[in-house]
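This report walks through a protein structure one topic at a time, and the sequence and the structure are shown just below.

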Amino acid sequence: DLTHAPLSCVARFGRISSSVQPPTRTPLGMVRTIRTEIIIDASIGSVWKVVSDLRTWGEWNAWTKFEDVDENPAGTDARLLASFDGDGTWKEYACQILAVDHDRHFLNWAGGVPCGLFHGNHWIILTPESETRTRMEHNEDFTGLLPALNLGMPFEKVARNYVYINEAVKRVVEARAPD
């Protein structure tokens, strides 16, 4: 179910570069966005096996990992740990895993601070480029007062880390034997 996904992840409009966009006003308030993508030389199934197994993110990912994640995590709460410098210093966030859609290859989680101060909606969506190439889009929208004021999160580091995560997924998947 893509009801939690922003329209931009459902309807793609051309190539999306890795970037942090300045805050923009929407009907829901101020939004700051991060958009990244990478092409991985592997089948969509091979990429999805790595991306969708949140319990193993800490094995290959120095920037984001999950704890207290169920085997079938959609609709459950979890703890997300972020290392903004990839140095093993972790900051903990509560999040809810909103979707792990195996048919659409769509992963979505969100979390934030109450009272409209800060909210992040994070998603990864895979699309096949061919039988042996997959596009991975890795994005997040931040809303609330703190992102509007460029506070509450080191946005440039987070955007850089999404690129690093994308590259780590690519390395891990391409190093494995094909399905």
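## The nonpolar core

The largest nonpolar core has 39 residues, and those with the most contacts inside it are Phe66, Leu107, Trp109 and Val169. Such a core is a set of buried Ala, Val, Leu, Ile, Met, Phe, Trp, Tyr and Cys residues joined through side-chain atoms within 4.5 Å, where buried means under 20% relative accessible area, exposed over 50% and partly exposed in between, with a 1.4 Å probe and protein chains only. Helix α5, residues 155-175, gives the most to this core, with 9 residues; helices (H or I, at least four residues) and strands (E, at least two) are DSSP runs, numbered from the N terminus. In soluble globular proteins, nonpolar side chains tend to be buried together.

The model is predicted, so local features need pLDDT of at least 70 and side-chain atom pairs count only at pLDDT 80 or more, while totals for chains, interfaces and linings use all residues. Residues are numbered from 1 along each chain as its sequence is written, and side-chain values use heavy atoms, with hydrogens and water left out.

Leaving aside neighbours within four places in sequence, Phe66 is in contact (heavy atoms within 4.5 Å) with Leu54, Trp57, Arg79, Leu80, Cys95, Ile97 and Trp109.

## Helix α5

Helix α5 has 21 residues and reaches 30 Å from its first C-alpha to its last, close to the 30 Å expected at 1.5 Å a residue, a span defined as 1.5 Å times one less than the number of residues. Among its buried residues are Phe155, Tyr162, Ile165 and Val169, and also Asn161 and Asn166.

Asp141 is found in strand β8, residues 133-143, and counts as buried because its relative accessibility is 12%. The side chains of Asp141 and Arg35 are joined by a polar contact of 2.7 Å; the term covers a pair of N or O atoms within 3.5 Å, and within protein one must be able to donate a hydrogen and the other to accept it, while residues adjacent in sequence count only if both atoms are side-chain atoms.

Most residues other than glycine have a negative phi. His105 is buried because its relative accessible area is 16%, whereas Cys115, at 80%, is exposed.
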